[in-house]
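Dear colleague,

Please find below the sequence and the structure that I am handing over to you. My findings follow directly after it.

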Amino acid sequence: MPATVIAAPVQSTTPRGRPIQPFDVLDACHQQMVTALQKLQDLVSHLQETRGVDAQAQEMARAIFHFFMDTARQHHIDEEKHVFPAMLRSGDDDLIRHTLRLQQDHGWIEEDWLELAPQIESIAAGYNWYNIDQLTLAVPVFVQLYQDHLALEESLIYPEAKARIAEWDLQGIGREMAQRRRDRI
């Protein structure tokens, strides 16, 4: 069975040849999140159908676990450090309210993930230590929270942030994001 791949490596230039910008990385991560959320739903369906952990379930769970433990968390750090502060300083009550909601979402997402993670990790390790009833109930809630979160970021917060963050700030943001990822390797 081929390995389930969620996150493709990020190229250093865009198709038009310009250097990757911080929002290119953030947008790419959103696309990866959509894929990871679908894989999580697929994993639950697979477990329901097979009634046990097989090699395919293990590989799916391994990719999901690593994505949400690392890539998704780094993404939230990027937003908390570089996107949300500009929105909170904007003076726009609507932007501030929505940004505070997104920060609260990060807490709920983390809390929900911490409930799911031990089961996903055990499936990745080949154990049958999961509760399919709990996964069947919890995964749709996690997915919906993430989908609503992504929709608000993409429809309002990212466009506003792109308009408000100066080019020189973007260069510094990009350097910090890249350095933090290098330090984790």
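The lining of the largest cavity comprises 5 nonpolar, 1 polar and 2 charged residues. Please bear in mind that this is a predicted model. The residues concerned are F68, A72, R73, H76, I109, E110, W113 and Y146. Helix α2 (55–88) and helix α3 (93–124) each contribute at least two residues to this lining, and α2 gives the most, with 4 residues. The volume of the largest cavity is about 40 Å³. A search of the whole structure returned 2 cavities of 30 Å³ or more.

In total, the structure contains 8 aromatic pairs. Because F68 belongs to helix α2 and W113 to helix α3, the pair ties together parts that are 45 residues apart in sequence. F68 has a relative accessibility of 3% and therefore counts as buried, the cut-off being under 20%. W113, at 2% relative accessibility, likewise counts as buried.

F68 also forms an aromatic pair with Y146, with 5.7 Å from centre to centre and 50° between the planes; this pair, too, is tilted. Here the link is between distant parts of the chain, with F68 in helix α2 and Y146 in helix α4 (residues 132–164), 78 residues apart. Both F68 and Y146 are buried. Ring pairs connect these residues into a cluster made up of F65, F67, F68, W113, F142 and Y146.

Confidence

How far does the confidence of the prediction extend across the protein, and where is it lowest? The mean pLDDT of the protein is 86, and 81% of its residues reach 70 or more. Confidence is highest in helix α3, at a mean of 98, and lowest in helix α5 (residues 167–184), at a mean of 65. Over residues 1–14 the pLDDT is below 50, although this stretch has 27 contacts in the model beyond near neighbours in sequence. Where pLDDT is low, the predicted coordinates should not be read in detail.

Yours sincerely

Methods
Residues are numbered from 1 along each chain as its sequence is written. This is a predicted model: local features need pLDDT of at least 70, side-chain atom pairs count only at pLDDT 80 or more; totals for chains, interfaces and linings use all residues. Side-chain values use heavy atoms; hydrogens and water are left out. On a 1 Å grid over the protein atoms alone, a cavity is a set of points where a 1.4 Å probe fits but cannot get out, and a pocket is an open set with protein on both sides within 12 Å along at least five of seven lines; lining residues have an atom within 4 Å of a point. Grid points are joined across faces, edges and corners, and a volume is the space filled by probe spheres set on the points. Ala, Val, Leu, Ile, Met, Phe, Trp, Tyr, Cys and Pro count as nonpolar, Asp, Glu, Lys and Arg as charged, and the others, Gly among them, as polar. pLDDT is the predictor's confidence in each residue, from 0 to 100. Contact means heavy atoms within 4.5 Å. Rings of Phe, Tyr and Trp (its six-membered ring) pair if their centres lie within 6.5 Å; planes under 30 degrees apart count as stacked, over 60 as edge-to-face and the rest as tilted. Buried means under 20% relative accessible area, exposed over 50%, partly exposed in between (1.4 Å probe, protein chains only).
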